[in-house]
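Please consult the sequence and the structure while reading.

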Amino acid sequence: MIYSKKVLSLILTALMVQSIFVTGGTVTAASYETTQESSYAQVQTAESKSIGDFEYTVGNDSVTVTRYTGSDTEVSIPSQIEGKSVTAIGDYAFKDCKAVTGVNVPNTVTDIGSYAFNNCSSLVNIDISDTVGTIGTYAFQNC
């Protein structure tokens, strides 16, 4: 038993050391965030549609707003697009929308993605109903 723990420990140590050399050093939060955003943007672009100032994707019975492209200071997210309920605000959807000061989220929305409003430095008012059950990590970072 003690022998197997030592072997496992050596294997894990070797893998950690190898990963440092393969990646060229440590992975910082900034590089991880950039990688995550780039990966998400590639998936998002392939399936994205747009209406007005919103880009979105359509699921079986619902819509996810994936990006806001407008310049309005007050934004109302529609409750329906293409006859389907808007149920989610996707990751990075409003990221860096520095002009936005207020957002009205309809009661059809149940999920707000990670970094959804990241760096919306002018955002001072957001109306969210109690139907929102999930708010992703850093959804309101730097607001």
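## The parallel sheet

V103 has I126 in β9 as its bridge partner. Strand β7 (residues 102-104) and β9 run parallel and are joined by 3 bridges. Strands here are DSSP runs of E with at least two residues, numbered from the N terminus, and two strands pair if DSSP finds at least two bridges between them. The model is predicted: local features need pLDDT of at least 70 and side-chain atom pairs pLDDT 80 or more, whereas totals for chains, interfaces and linings use all residues. Residues are numbered from 1 along each chain as its sequence is written, and side-chain values use heavy atoms, leaving out hydrogens and water.

The open sheet contains 3 strands in the order β4-β7-β9, with parallel pairing. Because β4 (74-76) and β9 (125-127) each have a single partner strand, they stand at the edges, and one side of each is left without a neighbour in the sheet.

## The antiparallel strands

Strand β1 (residues 49-51) runs antiparallel to strand β2 (residues 54-58), and 3 bridges join them. Within this pairing, Y56 in β2 is the bridge partner of K49. The two strands form a hairpin with 2 residues between them, and G52 in the turn has a positive phi of about 60°.

β2 also pairs with strand β3 (residues 62-68), in the antiparallel sense, over 5 bridges. Here V58 has V63 in β3 as its bridge partner, and a hairpin of 3 residues joins β2 to β3.

## A proline in a loop

P78 lies in the loop between β4 and β5 (80-81). Its relative accessible area is 25%, so P78 is partly exposed; buried means under 20%, exposed over 50%, and partly exposed in between, with a 1.4 Å probe and protein chains only. Leaving aside residues up to four places away in sequence, P78 touches F54, V86 and P106 (contact means heavy atoms within 4.5 Å).

## Aromatic rings

The whole structure holds 6 aromatic pairs. Rings of Phe, Tyr and Trp (its six-membered ring) pair if their centres lie within 6.5 Å; planes under 30 degrees apart count as stacked, over 60 as edge-to-face and the rest as tilted. Y92 and Y115 form a stacked pair, 5.1 Å centre to centre with 5° between the planes. Both Y92 and Y115 are buried.

The rings of F117 and F140 are also stacked, because their centres are 5.2 Å apart and their planes at 0°. F117 is buried at 0% relative accessibility, whereas F140 is partly exposed at 29%. F117 and F140 belong to one aromatic cluster with F54, Y68 and F94.

Key
Helix = DSSP H or I, 4+ residues; strand = E, 2+ residues; numbered from the N terminus.
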